[in-house]
There are 2 protein chains.
Amino acid sequence: MNQPGTFTLRATDGQARRASLVTAHGVIETPVFMPVGTVGSVKAVSPEDLKAVGAQIILGNTYHLYLRPGDELVARMGGLHRFARWDRPILTDSGGFQVFSLSGLRKITEQGVEFQSHLDGSRHFFSPEKVVSIQKNLGSDIMMVLDECVAWGQDRDYTAKSLELTTRWARRSREAYPRGSGGQIMFGIVQGGFHEDLREESLAQLSEIDFEGFAVGGLSVGESPEEMRRQLYHIGPKLPAHKPRYLMGVGAPMDILDGIMAGIDMFDCVLPTRNARNGTLYTSQGKVNIKRAEYREDERPLDSNCNCYTCRTFSRAYLRHLYVTRELLSYRLNTIHNLAFFLDLAAGARKAIEDGRFMAFRQQYADVYGEPGKQEMEAQQS
Amino acid sequence: MNQPGTFTLRATDGQARRASLVTAHGVIETPVFMPVGTVGSVKAVSPEDLKAVGAQIILGNTYHLYLRPGDELVARMGGLHRFARWDRPILTDSGGFQVFSLSGLRKITEQGVEFQSHLDGSRHFFSPEKVVSIQKNLGSDIMMVLDECVAWGQDRDYTAKSLELTTRWARRSREAYPRGSGGQIMFGIVQGGFHEDLREESLAQLSEIDFEGFAVGGLSVGESPEEMRRQLYHIGPKLPAHKPRYLMGVGAPMDILDGIMAGIDMFDCVLPTRNARNGTLYTSQGKVNIKRAEYREDERPLDSNCNCYTCRTFSRAYLRHLYVTRELLSYRLNTIHNLAFFLDLAAGARKAIEDGRFMAFRQQYADVYGEPGKQEMEAQQS
């Protein structure tokens, strides 16, 4: 059972799942949070920092790595693991989301998507096959298929047509890298916007393709927390039970917990790393804006319930000083802490599911971070 | 002999000295290079990073720390060691150099110097006593007296008058903190510009004051390497032999080696840290501009003769990629390496002096970094 893609359910608690997923670079224990390492570096921290906070897997962005340093260069350097000196699993996204969010001009055809680099305006073309080829060059453990990420506010007709294109692209992706043709595994991405029936349709179509896992894409694109949860609670539990489920680009602590509650196994988000650089820090007492004057002479650790290097070592007063003076050390210390918070949340969720007390675990966070999408949850639980 | 200020010569090799200096936070082995931690953080690295590259002592800037976060706040936080979580020795400068180089308007009187903050234009006044008070609040191991740092190009009359003011300020500084009145020790600063006789006069006046060490100030302010060496070789060996000698704000690798050759024990400079952030890296093969295209696919370590974390772990190709993409990790990895290079240079010099082969050790660097101020060295050695 050491075949990449092997997925083993260890325990469940309601819809929440405690499982493990085999990859070529080791086993991932889920639910898992994946720090985002856009261009082959999780911003401001080192591989050792990531291991110290318990990161099991990191994400690399296909779009960014294709542009810089280039996937072919990475391949010549022995792949992304070797290039970035990260020997644990890596998931690469398909670039689809970045093409649709970062690139200026873009043109979608049956064949793929033409786009302009956000760096220099140069023109590029991503086909499903090209994106698979890039991810083969990067040598990630988990590949994602090229999809069209439908923007918030798109109408039903557009969304319905788009999901069929996403399905055709998904099939071409799998054909470009048949299951077992290498050590990498491939996930399909369920689209369908904010229409439950279209989500189901997308899932039905993708389920016919032999992916090792399924992702939910196109959420957290501008909709309300309630709307996000309406889709999540609808489609999450319907994803194939014997395969890993990944909620892409989500999210805040309560979003992750509610994703787990909906049966999701994997999460990634730039929130902990980006907010760290903006001085917004997640703690067991809630969010802390470290630049506030109240921390000027606060000798306490940032979070007395956290065991990360930052909290073990420095005072809030010093962290505030570093942030206010824009010292580079500030970015690293804040990032280490925020990642520790998100990774501890996932580790705590794993333990809570094993112990059959996930909802109580979730409640601890809701008491601090607030109860989002209350109505939808009640509908879900009734 | 554990009294702070105790200075023990271990070996000499020509004018070069191998010694140790006792401070309240431990013994410093000299010759020593001191990384600059401007506002209580050596830019881009952590206390653990500094220890890993062998930093024995770091420098804090009185001017910067007085402005932010304020010396009184630092005192309430238990002093700079506790605030920044650095338990090894700290030297604080007098703020004089920053007042004369960073501040806009400034007015020098017998009493002290009025200046404007470079941050917000606010007006402040440094007297010798105030600067001692600030350094007491910071709790550094080695305090520097307020001096007037004479600019390159000032005439002889101004310089002669200025050095007498510096002497009077030095005397007031010592009176504000008599020897042994606490765990901190205090160094005087020899000025005198680019006139050998004025340098001698400054030293003669300061020698009458009971300082634990002496610094040479006002070099590396715009003069040629030859002119710098002319002063250094003249005054270095004349500084009291039984006390530590500190060449302030110097310098490049050959400057440090030539300082050691002139009998200097202590050095500080922003060059390794600042250049690291600019992508200029010091190696045993010379300077490397890491952004150059030739390193795009260079899998070798930055310096195969270096044992720092950066060189043990990453390739030039990855370091180039991090630099080109402006990843924050780049600053840390580059800084770790450059500091390792400067600290290894000092450690190598210590060993070479013990072994009586300092000039051969120096020559290894001169072969790579070039021979500066050749004429003056020959004059010195004849």
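Colleague: Which residues of H14(B) meet H15(B), and what makes it a contact?

Modeller: From H14(B) come B:Phe341, B:Leu345, B:Gly348, B:Ala349, B:Ala352 and B:Ile353. From H15(B) come B:Phe358, B:Phe361, B:Tyr365 and B:Tyr369. Contact means heavy atoms within 4.5 Å. This is a predicted model: local features need pLDDT of at least 70, side-chain atom pairs count only at pLDDT 80 or more, and totals for chains, interfaces and linings use all residues. Residues are numbered from 1 along each chain as its sequence is written, chains are lettered from A and ligands numbered from 1 in the order written, and side-chain values use heavy atoms, with hydrogens and water left out.

Colleague: At what angle do H14 and H15 of chain B pack?

Modeller: About 150°, with the axes 7 Å apart. H14 runs over residues 328-354 and H15 over residues 358-369. Helices (H or I, at least four residues) and strands (E, at least two) are DSSP runs, numbered from the N terminus. Axes are lines fitted to C-alpha atoms, for helices over the stretch in contact, and angles run from 0 to 180 degrees between N-to-C directions.

Colleague: How do you know how the two copies are related?

Modeller: Chain B can be laid on chain A by a turn of 180° and a shift of 0.0 Å along the axis, with an RMSD of 0.0 Å. The two copies are thus related as by a two-fold rotation axis. The superposition is by least squares on the C-alpha atoms of residues with pLDDT of at least 70 in both. In chain B, the residue that comes closest to the axis is B:Leu328, at 3.9 Å (C-alpha).

Colleague: Why is A:Asp93 called buried?

Modeller: Its relative accessibility is 7%. Buried means under 20% relative accessible area, exposed over 50%, partly exposed in between (1.4 Å probe, protein chains only). So A:Asp93 counts as buried. It sits in the loop between strand S6 (90-92) and helix H5 (96-101) of chain A. Beyond four places in sequence, its contacts include A:Tyr63, A:Gln98, A:Met144 and A:Met248.

Colleague: What makes the "active site" residues gather at one spot?

Modeller: The UniProt annotation, from an unreviewed entry, covers A:Asp93 and A:Asp268. They span 176 residues in sequence, yet no two of their C-alpha atoms are more than 10.4 Å apart, so they gather at one spot. UniProt positions are given in the numbering used here, feature names are shortened, and annotations may be inferred rather than shown by experiment.

Colleague: Which residues does UniProt list as "binding site"?

Modeller: The unreviewed entry lists A:Cys306, A:Cys308, A:Cys311 and A:His337. They span 32 residues in sequence, yet no two of their C-alpha atoms are more than 8.1 Å apart, so these too gather at one spot. A:Cys306 is buried at 12%, and A:Cys308 at 5%. A:Cys306 is in the loop between strand S16 (286-289) and helix H12 (309-313) of chain A. Beyond four places in sequence, A:Cys306 touches A:Cys311, A:His337 and A:Ala340. A:Cys308 is in contact with A:Ile336, A:His337 and A:Ala340, on the same terms.

Colleague: Why is H13 of chain B called mostly covered?

Modeller: Eight of its nine residues (316-324) are buried. Among them are B:Tyr318, B:Leu319 and B:His321. The cover includes helix H4 (80-84) of chain A, together with helix H11 (271-277), H12 and H14 of chain B. After H13(B) comes B:Arg326, with a positive phi near 60°.

Colleague: Is B:Glu327 buried or exposed?

Modeller: Buried, with a relative accessible area of 3%. B:Glu327 is in the loop between H13 and H14 of chain B. It touches A:Val39, A:Ser41, A:Lys43 and B:Leu322, not counting residues up to four places away in sequence.

Colleague: What makes a nonpolar core, and how many residues has the largest?

Modeller: A nonpolar core is a set of buried Ala, Val, Leu, Ile, Met, Phe, Trp, Tyr and Cys residues joined through side-chain atoms within 4.5 Å. The largest has 228 residues. Those with the most contacts inside it are A:Ile142, A:Tyr246, B:Ile142 and B:Tyr246. A second, separate core of five residues includes A:Ala44, A:Leu328, B:Ala44 and B:Tyr331.
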